[in-house]
Amino acid sequence: MKMAQRMTTQKSNDEILYDHQQDGVDRRGFLKCMAWAGTGALCVMQGGVLHSFALSDPAVATRAAKGDLSFIQISDSHMGFNKPANPDVAATLKAAIDKINALPTSPEFMLHTGDITHLSKPEQFDTVDQVLKSARPQNVFFVPGEHDVLDDNGKLYRDRYAKNSKGDGWYSFDMKGVHFVGLVNVMNLKAGGLGSLGAEQLEWLEKDVKHLSKSTPVVVFAHIPLWAVYPEWGWGTEDSGQALSYLKRFGSVTVLNGHIHQTMQKVEGNVTFHTATSTAFPQPKPGQAPSPGPMKVPAEQLRSLLGVTDVNYTRKRHSLAVTDSTLE
Amino acid sequence: MRKNSCISIVATFLLLAAITLVKTPAMFAASSEAGSTPVEITIDNFSFTPPTVTVEAGTPITWTNRDDIPHTVVSSEFVFKSKSLDTDDKFSVTLTKPGTYTYFCSLHPKMTAQVIVR
């Protein structure tokens, strides 16, 4: 892809792990690159440095092979939704899995950042499980969206996906030196409010990361964004500040969220925030529509607004490279 | 003449009853409007319409979801709480205690509205 090749590729310096105070982020380049994402270019942020590759670029395969840990984030499959914005969400979820299966090196596992189903119905969870059976990465870690905990405070969700979790379904695990934390911010939402973690979960989080060395890369995943993307639409978490304060001392923190059905990324100090597209339907950009509901687009454009996220961790670089790609 | 007065008393009773029934249909109608004609609230485009509704105590209130996404109806003090409502689902409640009941959608908590019960 000519444009991708013209892009300046800076060599990353392993000694400078991230120097966010000086802001080594090439923001203009990043924004330019993101505009191409719909046509198949990948923009990779690695330690604050931008690399871009065409999807077919063999460098992607090499990078994936060199990485120490590679996983996928999928989100907002909304199984059971069947309105005009996407009458067949099972097909687009399957297309996402096919895309993942086509990667040269299979990611080790997947994170699903919630709204697995549309109405928390058992048959909808069943259908998702069916589709995921065909994924090469068979290990999937979930966090619930507000659509997964309707009517039963999340009991069905927890019985299926969070047996060893605490409280409303939070948990953590380690994989190849990276610490993963799954948080639940979709319970007990208050009138006029945003997402919420709650005191019990925050206390648990503080203890959970307390004894980790600050060079441990941390990945936090939760459904609603942990930063104020657009509070007017409830796109934020009211007590995320406290959660982030427990992670302040870590050199590399990556926050993966869903809920808004579009890709957004923000770097703040040592924290990279990233939201994923949905595999079901797109939603409007903040403020670009009267409400944040399913956005109807011409059928031929739908798959270019849905997608998956590939995350690669290379031990030497101490940071995670997050790459979004669309279904088409 | 006892019999006659008996009959006349009963007749008067019946007459009075008839007059009451006939004379004040407006009153009955009014009280039936306040007491039993349901009030409708529509949920669409992430909002409750009308956002403020004033009802007489004992009036049934029905919400209908016309949006293409599910919503719930939850009172802030949990006086009433619906299951999740998909498109075209309904939820009804009858409130007997006067007061202001703010409510919201627990899926989209920015959606708020209120019912005032007189």
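Me: What makes Ser120(A) count as buried?
Reply: Ser120(A) has 24 C-beta neighbours inside 10 Å. The cut-off for buried is 20 or more, so with 24 neighbours Ser120(A) counts as buried. Keep in mind that this is a predicted model. Ser120(A) sits in the loop between strand S4 (109-112) and helix H5 (122-132) of chain A.

Me: What is phi of Ser120(A) near?
Reply: Phi of Ser120(A) is near 60 degrees, which is a positive value in a residue other than glycine.

Me: Is Asn153(A) buried or exposed, and how do you know?
Reply: Asn153(A) has 12 C-beta neighbours inside 10 Å. Exposed means 12 or fewer, so Asn153(A) counts as exposed. You'll find Asn153(A) in the loop between strand S5 (140-142) and helix H6 (155-161) of chain A.

Me: How do you know whether Val178(A) is buried?
Reply: Count again: Val178(A) has 20 C-beta neighbours inside 10 Å. Buried asks for 20 or more, so Val178(A) counts as buried. Val178(A) belongs to strand S7 of chain A. Leaving out residues up to four places away in sequence, Val178(A) touches Leu69(A), Pro217(A), Val219(A) and Tyr313(A). Val178(A) and Gly251(A) are 73 residues apart in sequence, with their C-alpha atoms 12 Å apart in space.

Me: What share of chain A counts as buried?
Reply: Of its 328 residues, 45% count as buried. Chain A has nine helices and 13 strands.

Me: Why is strand S9 (residues 253-257) of chain A called largely enclosed?
Reply: Five of its five residues are buried, so the rest of the structure largely encloses S9(A). Both faces are covered: Val253(A), Val255(A) and Asn257(A) are buried on one side, Thr254(A) and Leu256(A) on the other. S9(A) runs parallel to S8(A), and four bridges join them. Val220(A) stands opposite Val255(A) in S9(A).

Me: Which residues have the most contacts inside the largest nonpolar core?
Reply: Among them are Val220(A) and Val255(A), along with Leu183(A) and Ala222(A), in a core of 59 residues. Helix H4 (residues 89-101) of chain A gives the most to this core, with six residues. Ala222(A) touches Val143(A), Leu183(A), Val184(A), Asn185(A) and Asn257(A), if you skip residues up to four places away in sequence.

Me: How do you know that the length of helix H7 (residues 199-210) of chain A agrees with what it should span?
Reply: At 1.5 Å a residue, its twelve residues should span 16 Å. The C-alpha atoms at the ends of H7(A) are 16 Å apart, so the two agree.

Me: Why can we say that the buried residues of H7(A) line one face?
Reply: The buried ones are Gln201(A), Leu205(A) and Val209(A). Looking down the axis of H7(A), the buried residues fall within an arc of 55 degrees, so they line one face of the helix. The face turned away from the buried side carries the exposed residues Ala199(A), Glu200(A), Glu203(A), Lys207(A) and Lys210(A). The cover over the buried residues of H7(A) includes strand S7 (178-182), strand S8 (218-221) and helix H8 (240-245) of chain A.

Me: Over to chain B. What kind of peptide bond joins Thr49(B) and Pro50(B)?
Reply: The bond is cis, with omega at about -5 degrees. In general, most peptide bonds are trans. Pro50(B) lies in the loop between strand S2 (47-49) and strand S3 (52-55) of chain B.

Me: In which sense do strand S5 (residues 74-75) and strand S7 (residues 99-104) of chain B pair?
Reply: Antiparallel, over two bridges. Pairing takes at least two bridges, so these two strands, with two bridges, count as a pair. Ser75(B) stands opposite Tyr103(B) in S7(B). S7(B) also runs antiparallel to strand S8 (residues 112-117) of chain B, joined by six bridges. There, Tyr103(B) has Ala113(B) in S8(B) as its bridge partner.

Me: And how many residues of each chain are in contact with the other?
Reply: 17 residues of chain A are in contact with 18 residues of chain B. On the chain A side, they divide into eight nonpolar, five polar and four charged.

Terms used
Residues numbered from 1 in each chain as written. Chains lettered and ligands numbered in written order. Predicted model: local features only at pLDDT ≥ 70, side-chain atom pairs only at ≥ 80, totals over all residues. Contact = placed C-beta atoms within 7 Å. Nonpolar A, V, L, I, M, F, W, Y, C, P; charged D, E, K, R; others polar. Core = buried A, V, L, I, M, F, W, Y, C linked by C-beta atoms within 7 Å. Expected span 1.5 Å × (residues − 1). Arc of directions from axis to C-beta.
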